[in-house]
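Open the structure in your viewer and keep the selection tool at hand. We will go from the interface to a single residue, then to a sheet.

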Amino acid sequence: MALDKNGIARRIAQELRHGWYVNLGIGIPTLVANYIPEGIDVEFQSENGILGMGPFPFEGEESADLINAGKQTVTLRKGACIFDSALSFAMIRGQHVQLTVLGAMEVSQNGDIANWKIPGKMVKGMGGAMDLVASAENIIVAMIHANKAGESKLLKKCSLPLTGVGCVKRIVSDLAVLDVKDNKFHLVERAPGVSVEEIIRLTEGDLVVPESVPEMNI
Amino acid sequence: MNKRVKNVEEACLGIQDGMTLMLGGFGLCGIPENCIGQLVKMKVKNLVCISNNAGVDDFGLGLLLQNRQIRKMVSSYVGENEEFERQMLSGELEVDLIPQGSLAERCRAGGAGIPAFYTPAGFGTEIAVGKEMKMYNGKPHILESALTADFAIVKAWKGDTEGNLIYKDTARNFNPLMAMAGKITIAEVEELVKPGDLDPNFIHTPGIFVQRIFQGEKYEKRIEQRTVRPRK
């Protein structure tokens, strides 16, 4: 069975390491905060100006002045701090943030990512994604492996306008965990009940499959 | 130096057709509501608006879009606004999309006397087309230029008549950077106090960047995405 959004988030949460500052993008990445493994202390950075972002507020305690980068009302953890957008991206560009998790519409086997524009159809803008992918040392992409028509989103070459080049290191999709290196996708784990054959069929880019592919432990 | 003006009308005096404006805020958080309302009343048009977002259909900069007062938007993210998308896809509205960190830094640079800077953001993408490229530390960077504006319009939580500003929570966002980059900077605040009432150690925007300040008549402070969890 392919993972749902929460399953993807749960698997990505296993990548978190104690003491990391982490930026979570809009959508599935935001859910990662719900599955922080026990004993691990991480701080979430929101690029609109928060370090130490907390969960959604209790009903009635929400404030128009306190939102995350997805414009959702949030809270602050004890010890949090607030800053302006230039300082926020100084943290990101200066590589003080250890991990960036973001969504993608397409990823190519050389690590290019596209997630901000469909020409002639949808133009929402890149927000902070171009700054994040250009600078982060460690980028994990959360995405759906193929669209409803069965067309792969893990490609030899992206067809959509790029957000960044050669930057994606790891992908957690609804079907698999894959690493991106040496201009190929490398299958690392498969989602529970998903066959290697299905992953091969739904991956358009070059895929390296090891002899044994363990199932995710989530 | 007293920067206080009577009201929003006096604050916006001199804003004319075709001018370039910076407007603070992230989504609807920390936007200068009162001045935007005044721009609607003034019916100034052909504006170039530099703002991270474009509001929603019926609030924030969306109000100026509805009236076709904006010729060009310079932003990083413009989703959640149907009228915007329609005007952009039909070509009525010129749009310059800029990576958010580059937008923030370009405003800061504009106010700080730095004409341009190199950043890795956007290298290899369509926003790098036509821009100078240079390698630093083995990585490609593109040259981004500073932004300034005829008027920068910002919103703060508290301010004093000297123009010193303090922002509340994430309503800070682009406001301090844009405050630096306006030829004339207008600050609207929720609470205007007299000099000495704000602790100098906790000022976010020093008054030197602000030319006009007033207390906004009212603040709707609309929430774009209300996300809450139930009480146990």
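Select A:Asp65, A:Lys71 and A:Lys124 next: they supply 18% of the area that chain A buries against chain B, more than any other three residues.

A note before going on. This is a predicted model, where local features need pLDDT of at least 70 and side-chain atom pairs count only at pLDDT 80 or more, while totals for chains, interfaces and linings use all residues; pLDDT is the predictor's confidence in each residue, from 0 to 100. Residues are numbered from 1 along each chain as written, chains are lettered from A and ligands numbered from 1 in written order, and side-chain values use heavy atoms, without hydrogens and water.

Now show A:Lys71 with B:Glu224. They form a salt bridge, their closest N and O atoms 3.3 Å apart. The rule (a side-chain nitrogen of Lys or Arg within 4 Å of a carboxyl oxygen of Asp or Glu) finds five salt bridges across this interface.

Move to A:Gln72. Is A:Gln72 buried or exposed? A:Gln72 counts as buried because its relative accessibility is 18%, and buried means under 20% (1.4 Å probe, protein chains only). Its contacts (heavy atoms within 4.5 Å) include A:Phe56, B:Gln225 and B:Thr227.

Last, select the open sheet of chain A, three strands in the order β7-β6-β11. Strands are DSSP runs of E, at least two residues, numbered from the N terminus. Its edge strands are β7 (113-114) and β11 (154-155).

Terms used:
Buried < 20%, exposed > 50% of the residue type's maximum accessible area, 1.4 Å probe, protein only. Pairing = 2+ DSSP bridges. Helix = DSSP H or I, 4+ residues; strand = E, 2+ residues; numbered from the N terminus. Buried area = accessible area lost by both parts, 1.4 Å probe. Lists of a residue's contacts leave out its neighbours within four places in sequence.
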